[in-house]
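Thanks for passing this one along.

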Amino acid sequence: MVDVLIIGAGPAGSMAAALLASRGYEVLVLEKQQFPRFSIGESLLASTAELLSDAGMLDAVMACGFQYKNGAAFVRDDLYSEFNFADKFSAGYPFTFQVQRARFDQVLANEAARMGATIRHEVEITAIDISGERPVVTAKAGDEITIHRPRFVLDASGFGRTLPRLLDLERPSDFPVRAALFVQVKDNIVSGELDRQKIRVGVHPTKGDVWSWLIPFSDGHASLGVVASQEHHAKFTGSNEERLWQLIAEEPSLRKLLKDAHTVRPVGEIVGYAAKVSRLHGTGFALLGNAAEFLDPVFSSGVTIALKSAKLAADLLDQQFRGETTDWETQFAEPLMYGVETFRSFVDGWYNGDLQDVIFFEQKDPVIRRMICSVLAGYAWDAKNPYTGPQSARRLRALAGTVRAVR
Ligand code: FAD
């Protein structure tokens, strides 16, 4: 009898599966696609190393030879500001990786299977009934329909947003609609012109809400993308690839860096990626990672939130199955949202200019810079850091005010 049915074998699904299977629970992961498969989201944060280590998966990830990542670099015109995770305020791993997700997700899924989870590919969840004592889940593999009655369902279906759609939990995001054009390139960047151990986030010379990412991999390739409002995207015409290069041409230092680059995949586009739900849990189910909420890619928080949500849910389910009293609101949703709110205030601050002013200011107070660095490293749940949680937005605004007054 299945204890936990997990929808999707992305980072959230595999992490939850590994944690629960290693505690002896019967875990079934049903994944719509065949692996390996492409996924966006290649830049990780240092706190993911912590979470992967807790789940016994870090060694397998380290063995892959992914690009070592030790920080983030921000560029606007001739301004350059880098954050080294080693300088962070919070305790924990100071490094992580820039990963080709096809490989990374496959490795996590393999690890979950090694720990005892059953993973079936090309099986799609198409319906759920939560009115009875146990959730009743319908799965479709080709023409074959199967019905499952697990004790609990974790929805880790990412942008598939399976239970939010089936249970009418989707709500409009508070963020305006933004779109990303992205690709992988053979970058041919001359050695020394780019710190390959950091994500490079470039800001448009005149429009603070238009930005690019460049995430170098260890094999001479890189992930490249540009995010802008729909209005800004609409100024460019042609194929996705032509539009992407036109957008890149607007950022002279990026264009120069990529002068010899060529694409190795078709250019992809995601419009309106931000997502929100009315609640993160209900009778017999909880939502993990992107299946719940997605903010914005600017601080590479997606996989971190996915893994953190999986850890919180797996620990709580373990307690519940052992007969302890559990409260999914105070023990899952609220702790998870503490960090999500931290990232939200950073994303808001990025687009309203507050955080960009802070980032590009030569901060005289090293402690404040270390605190900001901690959040950029993914330690968004460290309550000792004043720039986390519900007070984060207010403190960031005050800091930006001080920076502007000094400047
Ligand atoms: P996913 O990785 O999306 O996995 C979900 C899995 O569920 C998929 O394999 C899918 O096939 C499967 N599935 C879906 N529906 C069903 C169904 N009905 N039945 C069965 N299986 C199903 N995050 C970062 O950390 N770093 C970044 O640099 C970054 N860059 C990004 C750039 C952009 C433009 C965007 C939009 C997002 C970015 N993200 C980034 C976010 C990141 O992609 C996601 O947050 C992350 O992949 C979420 O992991 P997950 O496990 O929740 O879901």
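**Notes on the predicted model**

1. Let's start with a helix pair in this predicted model. Helix 1 (residues 11–21) packs against helix 10 (residues 302–321) at an angle of about 30°, and their axes are 8 Å apart. Since angles under 35 degrees count as roughly parallel, that makes helix 1 roughly parallel to helix 10. The crossing of helix 1 with helix 10 is right-handed.

2. What does helix 1 bring to helix 10? From helix 1 come Pro11, Ala12, Met15, Ala16, Leu19 and Leu20. They meet Val303, Ala306, Leu307, Ala310, Lys311, Ala314 and Leu317 in helix 10. Sorted by class, the contact has twelve nonpolar, no polar and one charged residues.

3. Helix 11 (residues 328–352) and helix 14 (residues 392–406) have their axes 9 Å apart and pack at an angle of about 30°, which makes helix 11 roughly parallel to helix 14. Here the crossing is right-handed. On the helix 11 side you'll find Thr342, Ser345 and Phe346, which meet Ser392, Ala393 and Leu396 in helix 14. By class, that contact holds three nonpolar, three polar and no charged residues.

4. On to the rings. How many aromatic pairs are there? The count comes to 16. Take Phe38 and Phe182: this pair is stacked, at 6.3 Å centre to centre with 5° between the planes. Phe38 sits in the loop between strand 2 (27–31) and helix 2 (46–54) and Phe182 in strand 13 (residues 178–186), so the pair ties together parts that are 144 residues apart in sequence. Phe38 counts as partly exposed, at 31% relative accessibility, while Phe182 counts as buried, at 9%.

5. Is the next pair stacked or edge-to-face? The rings of Phe159 and Phe294 have centres 5.5 Å apart and planes at 75°, so the pair is edge-to-face. This pair also links distant parts of the chain, 135 residues apart: Phe159 is in the loop between strand 11 (152–155) and helix 5 (162–166), and Phe294 is in the loop between helix 9 (289–292) and helix 10. Phe159 is partly exposed, with a relative accessible area of 44%; Phe294 is buried, with 11%.

6. There is a ring cluster too: ring pairs link Phe74, Phe83, Phe299, Phe346 and Trp350.

7. Now some backbone details to check by eye. Most residues other than glycine have a negative phi, and most peptide bonds are trans. Against that background, a cis peptide bond joins Phe35 and Pro36, with omega about -5°.

8. Which residues other than glycine have a positive phi? Asp77 is one, with a phi of about 50°. Asp77 sits in the loop between strand 4 (71–76) and strand 5 (79–84) and counts as partly exposed at 48% relative accessibility. Ser300 is another, with phi near 55°. Ser300 lies in the loop between helix 9 and helix 10, where Phe294 is also found. At 11% relative accessibility, Ser300 counts as buried.

Key: Residues are numbered from 1 along each chain as its sequence is written. This is a predicted model: local features need pLDDT of at least 70, side-chain atom pairs count only at pLDDT 80 or more; totals for chains, interfaces and linings use all residues. Side-chain values use heavy atoms; hydrogens and water are left out. Axes are lines fitted to C-alpha atoms, for helices over the stretch in contact, and angles run from 0 to 180 degrees between N-to-C directions. Helices (H or I, at least four residues) and strands (E, at least two) are DSSP runs, numbered from the N terminus. Angles under 35 degrees count as roughly parallel, over 145 as roughly antiparallel, 65 to 115 as roughly perpendicular and the rest as oblique. A crossing is left-handed if the near helix is turned anticlockwise from the far one by less than a right angle, and right-handed if clockwise. Contact means heavy atoms within 4.5 Å. Ala, Val, Leu, Ile, Met, Phe, Trp, Tyr, Cys and Pro count as nonpolar, Asp, Glu, Lys and Arg as charged, and the others, Gly among them, as polar. Rings of Phe, Tyr and Trp (its six-membered ring) pair if their centres lie within 6.5 Å; planes under 30 degrees apart count as stacked, over 60 as edge-to-face and the rest as tilted. Buried means under 20% relative accessible area, exposed over 50%, partly exposed in between (1.4 Å probe, protein chains only).
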